[in-house]
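User: Hi! I have a new model open and would like to talk it through with you. Could you walk me through it?

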Amino acid sequence: MAPPSVTDDVMARYARFARDEAPGRSDVYADWARGVAGDDELAAILAPLPAPHRQPPVVFAVTRLLGAPVAAYAEWARFVRENAARVVAECAVRTTQTNEPLRCAPLVAALERIPGPIALLEIGASAGLCLFPDRYAYRFGTSDGAVQALGAGAVRLDAELQGGFAVPQRLPDVVWRAGIDVQPRDPRVAENRDWIASLVWPGETERQARVAAALEVARQDPPLLIEGDAAEEGVLADLASRAPRDATLVIATPGVLPHVPRVARERLIARIRKMDARWITIDSPRLHDAWTTPLDADAWEGFVLALDGEPLAAVDPLGSWIRAV
């Protein structure tokens with residue numbers, strides 16, 4: 001059994017989630033997190049798990065995958081207690097794999113600046129939903145109330161452009177797409193689609209529909225997905241070597257770097273910057289110092305969309321808005 005201090009850490013983490021992260025996104029998850037924050041018995045069930053595997057979004061998604069009711073805390077907690085061994089075992093092999101296709105909106109804005117054809121390689125690709133920026137339909141809303149469309153397809157991505165950020169005018173010519181992940185999720189496998197769908201929080205109905213449609217795109221034409229740790233020697237270079245020689249290699253890290261330990265993250269960024277490739281990332285301004293232009297992190301709102309380390313815009317972490325800087 002984990003020591004009391006670890007149980008206290010679990011309760012404090014769930015309290016922060018209920019206070020800072022769930023409001024405005026999911027009333028259900030806010031309720032569950034508040035419940036765990038005040039329930040030392042249930043927190044003790046989760047405490048033996050390593051910290052990345054007991055994060056609220058992971059635990060909540062796993063319980064829903066296993067059949068927990070989307071109901072009030074008491075009913076959900078009863079399910080967890082009655083299925084504690086299954087919940088812990090499943091959480092132990094799962095981590096956050098938020099596969100948000102809406103991140104393709106800022107990705108398209110950066111890709112427009114790169115001559116094609118494009119060989120797109122994503123680190124932390126999960127099921128590969130961000131590897132199809134050329135297959136989605138975009139609607140960009142501007143500050144004057146106008147809406148401009150780009151592309152066509154069953155997946156529609158809506159993003160707000162702020163501060164005069166220019167509307168992207170063309171989709172990338174992607175001729176090769178591949179991803180690497182420590183736990184890639186082949187979109188052709190129903191269990192993997194179920195897991196990605198479970199990571200959508202209850203109440204996010206538009207996102208649920210968006211992810212489901214993107215999973216269908218990926219299922220019908222799955223990208224090359226490789227299991228591996230991109231921070232390890234030779235892993236990224238090996239996958240990059242498979243890209244067509246006549247295409248511009250673009251390495252994308254949209255939202256994955258916070259999940260890479262600091263030393264490995266610094267090593268990975270150094271490797272990317274030494275490669276014959278362009279690099280698009282969406283990161284917190286505090287995450288690393290690989291920016292070519294110094295940033296005032298305290299004054300920065302949102303994440304940074306950057307090309308080769310040069311900040312292009314401030315963006316919503318999941319891609320719903322893009323702001324000129």
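**Strands, helices and a pocket**

Analyst: Happy to! Let's start with a facing pair: Tyr138 stands opposite Leu150 in E3. Keep in mind that this is a predicted model.

User: Thanks. How do E2 and E3 run, and how many bridges join them?

Analyst: E2 and E3 are antiparallel, joined by 4 bridges. Together they make a hairpin with 5 residues between the strands, and Gly145 in the turn has a positive phi of about 90°.

User: And which way does E2 run relative to E4?

Analyst: Those two are parallel, with 5 bridges between them. One example is Gly141, whose bridge partner in E4 is Glu160.

User: Let's zoom out. What is the strand order in the open sheet?

Analyst: The open sheet has 11 strands with mixed pairing, in the order E3-E2-E4-E11-E10-E9-E8-E7-E1-E5-E6. Strands E3 (147-150) and E6 (224-227) stand at the edges; each has a single partner strand, so one side of each has no neighbour in the sheet. On average, neighbouring strands are turned by 25° against each other, direction ignored.

User: How do E1 and E5 pair?

Analyst: In the parallel sense, over 6 bridges, with E1 at residues 118-123 and E5 at residues 174-181. Ile118 stands opposite Val174 in E5.

User: Which strands does helix H11 lie across?

Analyst: H11 (residues 262-274) lies across E1, E7 (248-254) and E8 (278-283), and it runs at about 150° to E8.

User: What about H9, how far does it reach?

Analyst: Helix H9 (residues 205-220) has 16 residues and reaches 23 Å from first C-alpha to last, close to the 22 Å expected at 1.5 Å a residue. Its buried residues include Arg207, Arg210, Val211 and Leu215. The buried residues of H9 pack against strand E4 (156-162) and helix H8 (190-198).

User: Switching to pockets: how much space lies in the largest pocket?

Analyst: About 1,400 Å³. The lining has 43 residues, and those nearest the centre are Thr96, Gly255, Val256, Pro258 and His259. The elements giving two or more residues to that lining are helix H1 (4-21), E1, E5 and H11.

User: Which residues other than glycine have a positive phi?

Analyst: Among them is Ser126, with phi near 55°, in the loop between E1 and E2. Another is Asp308, with a positive phi of about 55°, in the loop between E9 (303-307) and E10 (310-315).

User: Is Ser126 buried or exposed? And Asp308?

Analyst: Ser126 is buried, with a relative accessible area of 2%. Asp308 is at 27% relative accessibility, so it counts as partly exposed.

User: Last one: what does Ile45 touch?

Analyst: Leaving out residues up to four places away in sequence, Ile45 touches Arg81, Ala84 and Val88. Ile45 belongs to helix H3 (residues 40-46). Its relative accessibility is 19%, and buried means under 20%, so Ile45 counts as buried.

How values were computed: Residues numbered from 1 in each chain as written. Predicted model: local features only at pLDDT ≥ 70, side-chain atom pairs only at ≥ 80, totals over all residues. Heavy atoms only, no water. Pairing = 2+ DSSP bridges. Axes fitted to C-alpha atoms, helices over the stretch in contact; angles between N-to-C directions. Contact = heavy atoms within 4.5 Å. Expected span 1.5 Å × (residues − 1). Buried < 20%, exposed > 50% of the residue type's maximum accessible area, 1.4 Å probe, protein only. 1 Å grid on protein atoms, 1.4 Å probe; cavity = no way out; pocket = protein on both sides within 12 Å on 5 of 7 lines; lining within 4 Å. Points joined across faces, edges and corners; volume = space filled by probe spheres on them.
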